[in-house]
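Thanks for coming. Please have the sequence and the model on your screens, and I will walk through a few places in it.

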Amino acid sequence: MSKTLIKFSSEDCGTCHKMSFYDRKIASELDLEFIDVKMQDTTTYRKYRQILMARYPNKEGIGWPTYIICESPEGNFNIIGEVKGGHPKGQFRRRLQAILNK
């Protein structure tokens, strides 16, 4: 089953912007589909909100950005893991790979 990396971010978040220079590329290298969900894009946010709320029901502890790896994001999703906050490129790749290796 294919896995998807969903990035929850904000347009006015500097760290989110910095990560955008390599997050999509790393997702592709790890054979992950990539969905970018900006909080300001209410249509896309509403579509994937239930995944974020499953992990953070009160929105407490969300990092910016928050990346959630899941299966079947369009349907009966299954959350596999997450990476929160900004990371250098190599560390970001290693953290995602560690989740995929579990």
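Predicted model: local features only at pLDDT ≥ 70, side-chain atom pairs only at ≥ 80, totals over all residues.

Residues are numbered from 1 along each chain as its sequence is written, and side-chain values use heavy atoms, with hydrogens and water left out.

Helices (H or I, at least four residues) and strands (E, at least two) are DSSP runs, numbered from the N terminus. Helix α3 has 14 residues and spans 19 Å from its first C-alpha to its last, close to the 20 Å expected at 1.5 Å a residue. That expected span is 1.5 Å times one less than the number of residues.

Which residues of α3 are buried? They are T44, Y45, Y48, I51, L52 and M53. Buried means under 20% relative accessible area, exposed over 50%, and partly exposed in between, with a 1.4 Å probe and protein chains only. These buried residues pack against β1 (3-9), β2 (33-38), β3 and β4 (78-84), where contact means heavy atoms within 4.5 Å. T42, also in α3, counts as partly exposed because its relative accessibility is 42%.

Now to strand β3, residues 66-71, where T66 lies. T66 is buried, with a relative accessible area of 0%. Leaving out residues up to four places away in sequence, T66 touches I6, K7, F8, Y56, V83 and K84. A polar atom of the T66 side chain lies 2.6 Å from the backbone oxygen of G63.

Last, the aromatic rings. A search of the whole structure finds two aromatic pairs. Rings of Phe, Tyr and Trp (its six-membered ring) pair if their centres lie within 6.5 Å; planes under 30 degrees apart count as stacked, over 60 as edge-to-face and the rest as tilted. Y67 and F92 form a tilted pair, 4.7 Å centre to centre with 55° between the planes. Y67 lies in strand β3 and F92 in helix α4 (residues 89-101), so the pair ties together parts that are 25 residues apart in sequence. Y67 is buried at 0% relative accessibility, and F92 is buried with a relative accessible area of 0%. Y22, Y67 and F92 form one aromatic cluster.

Terms used:
Polar contact = N/O pair within 3.5 Å; in protein donor to acceptor, adjacent residues only side chain to side chain.
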